[in-house]
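Have the viewer open while you read.

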Amino acid sequence: IRRLLCCCCADRPMTKKRMNMYGELFKVLHDNPNFIAILARMVSISEIDDFLQTIMFSLYGSFEPREEHLLLKMFQHALTLEYTNAKEVGTYVNQMSRSCVLC
């Protein structure tokens, strides 16, 4: 993914190679919902709604059974990450976490 991100920098002109690299990047993200879940943890709470709408409609927008399965796997992994990284249950339940917004 790092190689793909380096080739997709915004300051470079759009070329056929760059378009192919974007295609590869989105294919990797689409097929590996764990990456999306990890990215969701990096997004601020104020931006999570826009992030999720973009992900749901751009990567999994057709809502075919496979896309639905991948989207659910992304939510599952995101929730697992939130629970695993919570310091204690009371703190997790009382704070506004990404998983609250996800659900």
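**Helix packing notes**

1. Start with Met74: leaving out residues up to four places away in sequence, Met74 touches Pro33, Ile36, Ala37 and Leu52 (contact means heavy atoms within 4.5 Å). Bear in mind that this is a predicted model, where local features need pLDDT of at least 70 and side-chain atom pairs count only at pLDDT 80 or more, while totals for chains, interfaces and linings use all residues. Numbering runs from 1 along each chain as its sequence is written, and side-chain values use heavy atoms, without hydrogens and water.

2. Met74 is also among the residues with the most contacts inside the largest nonpolar core, together with Ile36, Phe51 and Tyr60; that core has 18 residues (buried Ala, Val, Leu, Ile, Met, Phe, Trp, Tyr and Cys joined through side-chain atoms within 4.5 Å; buried is under 20% relative accessible area, 1.4 Å probe, protein chains only). H2, H3, H4 (48-59) and H5 (65-85) each supply at least two of its residues (helices are DSSP runs of H or I, at least four residues, numbered from the N terminus). H5 gives the most, six residues.

3. How do H3 and H5 pack? Their axes are 8 Å apart at an angle of about 45° (axes are lines fitted to C-alpha atoms over the stretch in contact, and angles run from 0 to 180 degrees between N-to-C directions).

4. H2 (residues 16-31) and H3 (residues 33-42) have axes that come within 4 Å and cross at roughly 90°. That makes H2 roughly perpendicular to H3. On the H2 side, Val28, Leu29, His30 and Asp31 meet Pro33, Phe35, Ile36 and Leu39 of H3.

Notes:
Angles under 35 degrees count as roughly parallel, over 145 as roughly antiparallel, 65 to 115 as roughly perpendicular and the rest as oblique. Buried means under 20% relative accessible area, exposed over 50%, partly exposed in between (1.4 Å probe, protein chains only).
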